[in-house]
Amino acid sequence: QTEEALKDFLMLIKLAPYESDNYYNTGLLFKDKQKSGKAINYFKKAIEIDQRHAGAYLNLGIIMFNSKRYKEAKYYLDQAMKFDENNFITYFYLGKIAKEARDYITAVEFFEKSLREKTVKVKALIERGICFIALQQFDTAITEFEKAITTSEKDSECRGSEQQMLYARYFLAMAYESIRNPDKAIELWTFINSIKKNFKDVPDKL
């Protein structure tokens, strides 16, 4: 009941304007409602009250990343990591920023650290695989994509979405194609095509 929760937190802000978490939780609710502008204001207010509020820094970093404001995103994510080294989602987004800058080795290291957070584990494995493809380390890429698929299938807490698994298999096929193993690539493209017709260039590949 997002609307009711939002009303309650706005009331709590009036009752306890010195409590940073009231602003933080209000920011989370606005973020969930995709009202980033309002969310930013509340996260910044939380930081104004508590300059060590790692969660507010992290969410500001995510918003900035999604807006492709990578320099600002990195600043907020670095601050989040400074105040909470165990928030492993931070490493995932730092990895994404490094990947956008084509610093694939640094990206791989950040994604490795983010694997301890189950909610992003499968995504991090896929991202590592993509980085290894960019580095032309195709055998290592294959290992990462296969780990992503296996983890998603065997660990319900880490399960990836159907779209994520299609991408994992698509890039896995790309890696097999790169090491000249067309049989494995065709097997993967056929599977993808059976799940979703016209996924990327799979029909052309087949």
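Me: Does Glu48 count as buried or exposed?

Reply: This is a predicted model, and every value that follows is computed from it. The general idea is that a residue is classed by its relative accessible area, with exposed meaning over 50%. Glu48 has 56% relative accessibility, so Glu48 counts as exposed.

Me: With which residue does Glu48 form a salt bridge?

Reply: The general idea is that side chains of opposite charge can pair when their charged atoms come close. In this case the partner of Glu48 is Lys45, and the closest N and O atoms of the pair are 3.2 Å apart. Lys45 counts as partly exposed, at 28% relative accessibility.

Me: How are Glu48 and Lys45 placed in helix 3?

Reply: Glu48 and Lys45 are separated by about one helical turn, because they are 3 residues apart in helix 3.

Me: Which residue pairs with Asp78 in a salt bridge?

Reply: Asp78 forms a salt bridge with Lys74, and their closest N and O atoms are 2.8 Å apart. Both residues belong to helix 5, which covers residues 70-83, and they are 4 residues apart, about one turn of the helix. Asp78 counts as partly exposed at 28% relative accessibility, and Lys74 counts as partly exposed at 39%.

Me: How many salt bridges does a search of the whole structure find?

Reply: The search finds 14 salt bridges. Another of them links Glu144 with Lys147, where the closest N and O atoms are 3.7 Å apart.

Me: Is Glu144 buried or exposed?

Reply: Here one applies the other cut-off, by which buried means under 20% relative accessible area. Glu144 has 3% relative accessibility, so Glu144 counts as buried. Lys147, by contrast, is partly exposed, with a relative accessible area of 42%.

Me: Which residues do salt bridges that share partners join into one network?

Reply: The network consists of Glu112, Arg128, Glu144 and Lys147.

Me: Where does Arg128 lie, and is Arg128 buried or exposed?

Reply: Arg128 lies in helix 8, which covers residues 118-134. Arg128 has a relative accessible area of 8%, so it is buried. The side chain of Arg128 also reaches the backbone oxygen of Val108, at 3.0 Å.

Me: Which residues are in contact with Arg128 when its neighbours within four places in sequence are left aside?

Reply: Such a list shows which parts of the chain come together around a residue. For Arg128 the contacts are Val108, Phe111, Glu112, Leu115 and Glu144. Two of these, Glu112 and Glu144, also belong to the salt-bridge network with Arg128.

Me: Where is the place of His53?

Reply: A residue can also be read by its position between helices. His53 is in the loop between helix 3 (36-49) and helix 4 (54-66). With a relative accessible area of 8%, His53 is buried. A polar atom of its side chain lies 3.2 Å from the backbone nitrogen of Ala56. With neighbours within four places in sequence left aside, the contacts of His53 are Ser20, Asp21, Tyr24, Ala46 and Ile47.

Me: Is Lys68 buried or exposed?

Reply: Lys68 is exposed, with a relative accessible area of 60%. Lys68 lies in the loop between helix 4 and helix 5. The C-alpha atoms of Lys68 and Lys121 are separated by 22 Å, and these residues are 53 residues apart along the chain.

Me: How many helices and strands does the protein have?

Reply: The protein has 12 helices and 0 strands. Its C-alpha atoms fill a box of roughly 65 × 35 × 30 Å, taken along the principal axes. Buried residues make up 45% of the 206 residues. Among contacts with a separation of 6 or more, 43% are between residues 24 or more positions apart.

Me: How far apart are the mean positions of the positive and negative charges?

Reply: The protein has 33 positive and 30 negative charges, and their mean positions are 3 Å apart. As for the surface, the protein exposes about 11600 Å², of which carbon and sulfur atoms supply 47%.

Key. Residues are numbered from 1 along each chain as its sequence is written. This is a predicted model: local features need pLDDT of at least 70, side-chain atom pairs count only at pLDDT 80 or more; totals for chains, interfaces and linings use all residues. Side-chain values use heavy atoms; hydrogens and water are left out. Helices (H or I, at least four residues) and strands (E, at least two) are DSSP runs, numbered from the N terminus. Buried means under 20% relative accessible area, exposed over 50%, partly exposed in between (1.4 Å probe, protein chains only). A polar contact is a pair of N or O atoms within 3.5 Å; within protein, one must be able to donate a hydrogen and the other to accept it, and residues adjacent in sequence count only if both atoms are side-chain atoms. Contact means heavy atoms within 4.5 Å. Accessible areas come from the Shrake-Rupley method with a 1.4 Å probe; for residues, only the protein chains shown count as cover. Lys and Arg count as positive and Asp and Glu as negative; His and the chain ends are not counted. The place of a charge is taken as NZ of Lys, CZ of Arg, CG of Asp or CD of Glu. A salt bridge is a side-chain nitrogen of Lys or Arg within 4 Å of a carboxyl oxygen of Asp or Glu.
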